[in-house]
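Open the model in your viewer and keep the selection tool at hand. This tour goes from stop to stop, saying what to select and what to look for.

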Amino acid sequence: MDRECVSALPRVCEVLAASGGSLPDDTSLEKLLDWFTELSEAGVSLLEACPCLLGFVSAVVSNDAASEPSVLSFTLKLTGLLAASEDGFKVLQDSVLDRVFDFRHWQAAGLWEDPCIRIGWIQGLRTMLQHSQALDFFVQADFTEPLLQLQTDTSLFVASAASQTLAHVLLLCQSVPSPEGRHRETIPVETDGKYSAVVAGFCDYLKKSLVPKEASQLHGSQQVLKLLAKLLTRAGPPLRDRLLLTVSDPLEELVTTNYSQLTLPLMDVILAAHSSCGGGERVARLLSVMLSARNPADLVHAAAAFLRSSHPDPDNRARSAGVLLLPLDVITGLALLGADSSADQHRSSVMEQLRRKTSCVSMICISLTNVPQVTSTAPDCLPCSPAEIVSAVLSVLRLCSGDSPSSSPGCAEVLRNVTGSGRVQKCALDALSALSSSSGVKVLLVEVFTLLIQYLNSPASDPSVIQKSYQVLVKWVDVCADLSDVTEQLREDLVQVVRKRVCDVRWEVRDSTVEFLGHLAAAPASLASDKEKARNALECLPGGRCATVPLLQEALQDPEGYVRASSVSALALTLAPSWQQGAAPPQQEAEIVTRLLEILSQDTQGFSRRAVIRFFVAWISSCSSPSSCSLLTQSIPSILSRGSADLDWEVKVHTLELAELLLDRASESRRHPYAVTPDRTSTHARAVESDPVSMLNSLVDQGVFSALLSGLVDCDRPVGLKACQLLIRLRDTVCPLLLGDQDVSDALVSGSRASCELPGCGWAREVRRILGTATAPRNVHGADGLGPEDRGEEEEEEPAVRVGVCDALRRLRLDERLAVLAQSSDHVHNSPLSLLQDILTVSRTKTHLDSQLGQEVIVDCY
């Protein structure tokens with residue numbers, strides 16, 4: 001532990017014990033506890049390293065009436081941490097342990113009503129229970145009863161913590177830690193007299209509280225069921241069998257009472273029992289009842305829970321699939337279920353549920369959401385094929401749009417309930433997207449495209465529905481990348497609706513449309529025998545890329561920043577093949593580059609400017625040679641200059657990624673076959689040694705070196721860190737002569753023109769200061785003693801200077817800077833010492849103000 005922390009900690013303990021109000025912020029105590037926890041996990045004995053902690057605990061507990069609740073809660077948690085080791089437990093047991101965890105004392109003092117005291121007590125116990133002595137202490141103090149009562153606490157945090165601690169205790173009772181920290185073999189709890197009382201008490205509690213006697217007890221039953229499911233999943237045979245024997249009758253009663261609020265936690269318990277040991281015939285019967293005899297609303301929840309559990313039981317999987325398909329069968333009239341389906345017995349009751357709007361929408365959405373789980377069932381467990389399920393989902397979408405009345409009798413009311421329901425539409429579209437990868441659904445490609453285009457074209461479609469429709473289209477395009485199974489008319493219709501939506505008055509729709517075009521451009525090319533003829537989805541649409549690029553260029557002018565950013569990204573994906581082939585029209589390139597540079601320098605939205613930089617990175621990555629993208633090569637200095645000067649740190653980081661890419665390209669071009677084992681006396685070696693100079697000159701001319709220097713002194717740490725890493729790489733790879741003979745190095749560097757001009761203002765001023773090339777400061781203050789900046793005037797720019805690249809790389813002390821940048825600010829501002837100093841500083845400030853004002857100080861945080 002840090003010596004300064006050790007010396008500061010006693011004073012901090014005094015401050016906290018005296019007054020809990022002297023804290024810099026609400027999380028200070030949590031941070032302090034986290035630090036102690038880290039030390040303990042690292043093997044540090046807290047009571048030996050920080051003996052003042054025992055005095056602190058004693059002082060707070062002895063003066064609990066004057067202590068802040070937050071400090072009391074912290075003390076409870078800290079005591080549990082100190083007692084988590086056997087040595088610490090023995091020390092505390094002889095002094096304060098009984099008083100700290102005496103919940104009756106806290107109740108008598110009127111402090112138990114505060115949730116933070118209850119949560120501190122529970123978490124302190126939970127942390128302490130790491131060894132047999134702590135468990136013995138728990139049993140002797142009979143803490144089981146208060147933990148059981150806290151299961152139904154009004155605070156959800158307290159109830160959850162109590163549940164976790166109780167589960168931990170019960171699992172410990174069947175496998176007690178040995179003194180060496182290892183767990184002994186699990187033994188029957190009945191034979192372990194010390195701990196059987198805990199299990200017996202819990203079992204009695206289960207019998208009394210599992211079945212609610214009135215509506216107010218439902219929450220308590222939910223909590224107990226959640227705890228029981230957790231225990232059945234993790235418990236060994238002795239405890240698990242005891243619990244199952246205890247809850248069999250209450251579970252059977254719960255299954256028949258049809259409490260809707262308990263359906264899901266009850267299903268979790270039954271599945272945990274069934275999965276852990278098969279559960280026996282009784283549990284299997286309970287599962288069967290849950291999947292057949294409950295009301296329809298609960299039935300679909302239970303069936304969905306069963307399928308999500310991935311339980312392999314084929315009979316129950318078939319039954320669950322039928323239950324989830326029944327609402328779709330009823331509403332569409334497509335006869336998805338076989339004549340002998342067990343779900344048919346619920347048809348009339350499901351119809352009644354569907355006639356009520358709230359239950360109708362909920363039931364249909366649950367069915368649609370779980371359709372992917374249904375289709376993942378083995379074919380022999382499915383009452384129909386995946387293609388028929390896709391047809392049903394399409395029918396639901398038609399019903400939502402009001403285009404197609406249901407063929408099922410008596411569904412007029414149901415039709416009114418789902419017509420125009422955005423919730424049902426989005427669930428159906430999600431289901432349709434997931435079903436695209438199912439076997440045998442390709443035959444419905446035309447039908448899917450037709451319906452989705454209708455949704456995209458409908459004036460009633462919500463922007464979120466349009467966005468999902470585009471996403472589903474992209475998924476189904478993967479079924480047939482070259483769209484050979486889609487008619488020419490459908491392709492034309494799709495192009496027309498895209499042209500319409502790219503001009504929509506709603507920016508969300510325009511944004512989704514340009515994103516869709518980018519996704520189409522990124523779709524994998526179709527498998528063709530001739531790779532040159534292989535085309536992706538965008539190229540298969542009428543007009544292909546030639547028709548798409550003008551739309552995206554127009555979107556670059558969109559008034560909404562999100563649309564501009566999406567259009568830049570989509571344009572990069574659309575033009576990527578042209579870049580790779582070096583076949584982009586020069587005029588088109590010039591217009592795009594001009595507009596992108598305008599966005600980079602003028603756009604007020606950071607995400608648009610980020611997209612532009614990523615566009616240029618993608619373009620350079622795709623170019624096979626500089627000659628294939630000459631316009632881009634000419635624009636690189638301007639791109640780097642504008643990107644480096646941006647106010648958004650992410651734009652600057654992306655600019656450095658562009659600089660890194662240019663470094664990679666320069667390194668590749670520098671490779672020489674004779675550079676493997678250079679001989680300084682050979683002509684080839686001299687050529688190799690002079691090659692880095694040309695490379696450095698190229699990087700300087702492109703603006704790469706200036707961008708790296710600018711980033712090095714940037715105020716944003718991620719920018720400075722990346723720039724420093726790239727400069728070190730440049731120094732170590734391009735200036736290897738610095739590692740050799742110094743006389744030769746100096747001669748080559750001074751004789752080359754590998755130098756960079758540093759202006760006298762902006763970022764270069766700081767670089768010049770580091771290099772020691774700044775001019776001597778002049779007295780620019782007037783008679784009034786004010787400088788130019790005080791008068792609102794610009795400081796006079798110093799004359800530009802030139803510095804050698806290799807010389808600068810040597811003098812910038814990059815390794816030292818990298819060590820500082822790699823640490824981040826947390827090593828100073830979020831350190832334990834800083835935390836302790838903050839607490840002491842706030843305490844001194846408050847004490848000083850109190851003595852001055854003689855009254856309570858109220859700090860206005862605004």
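**Stop 1: the cysteines**

Select C50 first: its relative accessibility is 2%, so this cysteine counts as buried. Keep in mind that you are looking at a predicted model. A disulfide is a covalent bond between the sulfur atoms of two cysteines. How many disulfides does the count come to? With a cut-off of 2.5 Å between sulfur atoms, the count is zero. C50 shows the point: the nearest cysteine sulfur belongs to C52 and lies 5.8 Å away.

Now jump to C715. Is C715 buried or exposed? C715 counts as exposed, because its relative accessibility is 74%.

Next, select C540. You will find C540 in helix α30, residues 537-540. This cysteine counts as buried, at 5% relative accessibility. C540 and S484 are 56 residues apart along the chain, yet 8.6 Å separates their C-alpha atoms.

**Stop 2: helix α2**

Select residues 28-41. This is helix α2, with 14 residues. From first C-alpha to last, α2 reaches 20 Å, close to the 20 Å expected at 1.5 Å a residue.

Show the side chains. Which residues of α2 are buried? They are S28, L29, L32, L33, W35, F36 and L39. These residues cover an arc of only 155° around the axis, so they sit on the same side of α2. An α-helix has 3.6 residues a turn, so residues three or four places apart point the same way.

Then step past the helix: G43 follows α2 and has a positive phi, near 95°.

**Stop 3: a pair of helices**

Select α15 (residues 237-257) and α17 (residues 280-290). Their axes come within 10 Å and cross at roughly 15°. That angle is under 35 degrees, which makes α15 roughly parallel to α17. The crossing of α15 past α17 is left-handed.

**Stop 4: two positive phi values**

Most residues other than glycine have a negative phi. Select D142, which is not a glycine but has a positive phi of about 55°. D142 lies in the loop between α10 (132-141) and α11 (144-150). Its relative accessibility is 44%, so D142 counts as partly exposed.

Finish at R813. Where is R813? Look in the loop between α42 (805-811) and α43 (814-823). R813 is also a residue other than glycine with a positive phi, near 50°. At 46% relative accessibility, R813 counts as partly exposed.

Definitions and conventions
Residues numbered from 1 in each chain as written. Predicted model: local features only at pLDDT ≥ 70, side-chain atom pairs only at ≥ 80, totals over all residues. Heavy atoms only, no water. Buried < 20%, exposed > 50% of the residue type's maximum accessible area, 1.4 Å probe, protein only. Helix = DSSP H or I, 4+ residues; strand = E, 2+ residues; numbered from the N terminus. Expected span 1.5 Å × (residues − 1). Arc of directions from axis to C-beta. Axes fitted to C-alpha atoms, helices over the stretch in contact; angles between N-to-C directions. Parallel < 35°, antiparallel > 145°, perpendicular 65-115°, else oblique. Left-handed = near helix turned anticlockwise from the far one by under 90°.
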